[in-house]
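User: I would like to go through this model with you, chain by chain. Could you take my questions as they come?

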Amino acid sequence: MNELPQQLVNGLLLGAMYGLVAIGYTMVYGIVQLINFAHGEIFMTGAFGALTVYAYVLPDGTSMWVALPLMLIGAVLVAVVVAVGAERFAYRPLRNAPRLAPLITAIGLSLALQQAVWAWYPEAKSARTFPQIDGGPFHLGNVTIQTGDIFLLAAAPISMAVLAYFVMKTRTGRGMQATAQDPDTAKLMGVNTDRIIVIAFALGAVFAAVGGVAYGLKYGQVDFRMGFILGLKAFTAAVLGGIGNIYGAMIGGVVLGIAETLATAYIADLPGMEKFGSQSWADVWAFVLLILVLLLRPQGLLGERVADRA
Amino acid sequence: MPGKGLIVRQRSLIAITAALAAGALTLTACGSRDNGKSSDSGSGGGTTVTIGVDAPLTGDLSALGLGIKNSVDLAAKTANKQNYVKGVTFKIEALDDQAQPSSGQQNASKLVADNGVLGVVGPLNSSVAESMQKVFDDAKLVEVSPANTNPALTQGPDWQKTKARTYKSYFRTATTDAIQGPFAAQYVYNDSKKKKVFVIDDKKTYGAGLAATFTEEFKKLGGTVVGTEHINPDTKDFSAVATKVKNSGAEVVYYGGEYPQAGPLSKQIKATGAKVPVVGGDGIFDPTFIKLAGANSTGDLATSVGAPVEQLPSAKEFVANYKEAGYKEEYAAYGGYSYDSAWAIIEAVKKVVEDNGGKLPSDARAKVTAAMQNVSFDGVTGKVSFDEFGDATNKQLTVYAVENGAWKPVKSGTYTG
């Protein structure tokens, strides 16, 4: 049986998740040139926010169709509060410090958030199960799509469309573009850049929260370390697509996800490559691809189009 | 002048060794001074002996690690209550290795530096044990693992050809993968009647070792391996691997690894529509596996060391005491073995103290390590004693199956050639 269509779908789903998280990296970088390494943990706290709503706020046995929107709200609330708090208390005081200071702060914050969830969230010392949407998998030809994945398939493009509209058409969105282009001039033109920066962090957190809920629905579990590797992958996706470019983040995510999946599925079948084909090598191939892309196009796949970055 | 060169080299070697020894002595001196204070304060009630514990107390594997810690704590408290070793009070010092070899080695150095520590229970992971063995052996500090199953830890890296004990201070109450893998292969081939297997491992010492011993026996029995895959334990996305399994036509999947990955792996394989059971070793034998794998995990199999703790008459008391002590976490897969490991240390200390007229000798560590070789008692998991390699003489194993959301014992036995 030809497994290529299924593997492409697997990769697309994985990539859509990377993309959702990558948007947060790229927006913050586009505006303040900070690689917010704590973003993976914002994704994680979002997932835990959704879990909190389901496990501790809603009564037992609430239908997922009722619970899911409320869980999304919970996830977004928690993630935005954490992200805005991080901006206000960890990054803003360092706005004019050397570039490395906020970077190190971000790494510290990432560890602190992991440990906080580990220490204080009930039973979070090992993975917690995440509620699942009932209903069997869907079959399209010989491609199987899980119920939980439908959410991701719908959420990723919708979020992208909303973000594109927001950045292009609204007043705040244009303010973001202006700040990204030149913060000082934007300020002189009456843009409240502090507010724009907070909004960039908050928007990134919203996407991370949607990604966190999608992760829970897809894998059926969340844990305090889930954001670390995924955050690194999402950052890679953002660089691959062209950091600072919101469309690039999603494209980069999808390319990375498909590359990892195809490397797992097919490299072992090439003659003489059995040893380098397993999933444990997939990351190596993904980074080989990243290096190749950056050698040929240092600005990433879509490039850092200054006018668009936001 | 080769002769002269040799001398120079030797001299510098001596200098380095001397420097290292001086450093080590300073460290030990610090340790003993610290400890001197604490044992002075407790001198009214006799000597205090510390049993070190090293296990993953945080992270993915903490369910197993905390079970180990609590069970050792229970053993120490039981010995104190019974006044089992006259004039000696036991306490535990539990360190978290986060399942990382580097943390394990740091913990080992820390435990060695504390002169009150006369024995260590742990670690959980074979890969962590590898990094700790030498540190403990250099200090002649006895280490008893309740959970390490990699054969090389006791029988040397060439255990398949020539068995040679590597460290005299290392013992374990768990059975090795040399027995566990083949035992699973026999069950899958003879009892489940599955002839085509897809073998997956996580490339860690434990998982890869287990997968290799399983594969060897399964092929010997006449089965076919239709595919192999090594997963990346850092991820939770195994969809690409699951699709490969589905298309390989395998009847069963053997996974060498632990439950944090095995649970999602089983779930994602079943989600592709492939109705193949996942079989694993003691690393997946935990309630968390079923929680993570979801409702479709019914029929998945795991082998684990010994007979089921709940069914052994010798374990009733342990289970009751554990409940009574009110620990927050379950004793999990290795509770019984951890209790027995701690008790083996207590027995060895008892022997040493009694031979020395009721007091701890100055070279207590070396004496305890020597005494461990001859320890023999009826423990939670059956008779506890060690063979010439430090392996448990109790080589019983049990196959468990997931049924109604819980592990149910299916078949107990010992692997015979």
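Analyst: In chain A, residues 24 or more positions apart account for 77% of the contacts with a separation of 6 or more. Please keep in mind that this is a predicted model.

User: How many helices and strands are there in chain A?

Analyst: Chain A has 11 helices and four strands. Its radius of gyration is 19 Å, close to the 19 Å that the globule rule gives for 310 residues, so chain A is as compact as a globular protein of that length.

User: What box do the C-alpha atoms of chain A fill, and what share of its residues count as buried?

Analyst: Along the principal axes, the box is roughly 65 × 55 × 35 Å. Of the 310 residues of chain A, 54% count as buried.

User: Turning to chain B, is strand E10 enclosed or open?

Analyst: Strand E10(B), residues 301-305, is largely enclosed by the rest of the structure, because five of its five residues are buried. Leu301(B), Thr303(B) and Val305(B) lie on one side and Ala302(B) and Ser304(B) on the other, and both faces are covered.

User: Which strands does E10(B) pair with, and in what sense?

Analyst: E10(B) pairs in the parallel sense with strand E9(B), residues 278-280, over two bridges. In that pairing, Gly280(B) stands opposite Ala302(B). E10(B) also runs antiparallel to strand E13(B), residues 396-403, and five bridges join them. There, Thr303(B) stands opposite Val399(B).

User: What unit do E9(B) and E10(B) make with helix H10?

Analyst: Together with H10(B), residues 287-293, they make a right-handed β-α-β unit.

User: Now helix H12 of chain B: what should its 21 residues span?

Analyst: At 1.5 Å a residue, H12(B), residues 335-355, should span 30 Å, and this agrees with its end C-alpha atoms, which are 30 Å apart. Because 17 of its 21 residues are buried, H12(B) is largely enclosed by the rest of the structure. Just after this helix, Gly357(B) takes a positive phi of about 70°.

Definitions and conventions. Residues numbered from 1 in each chain as written. Chains lettered and ligands numbered in written order. Predicted model: local features only at pLDDT ≥ 70, side-chain atom pairs only at ≥ 80, totals over all residues. Rg over C-alpha atoms; globule rule 2.2 N^0.38 Å. Buried ≥ 20, exposed ≤ 12 C-beta atoms within 10 Å, placed from the backbone. Contact = placed C-beta atoms within 7 Å. Pairing = 2+ DSSP bridges. Right-handed = clockwise from strand over helix to strand, strands pointing away. Expected span 1.5 Å × (residues − 1).
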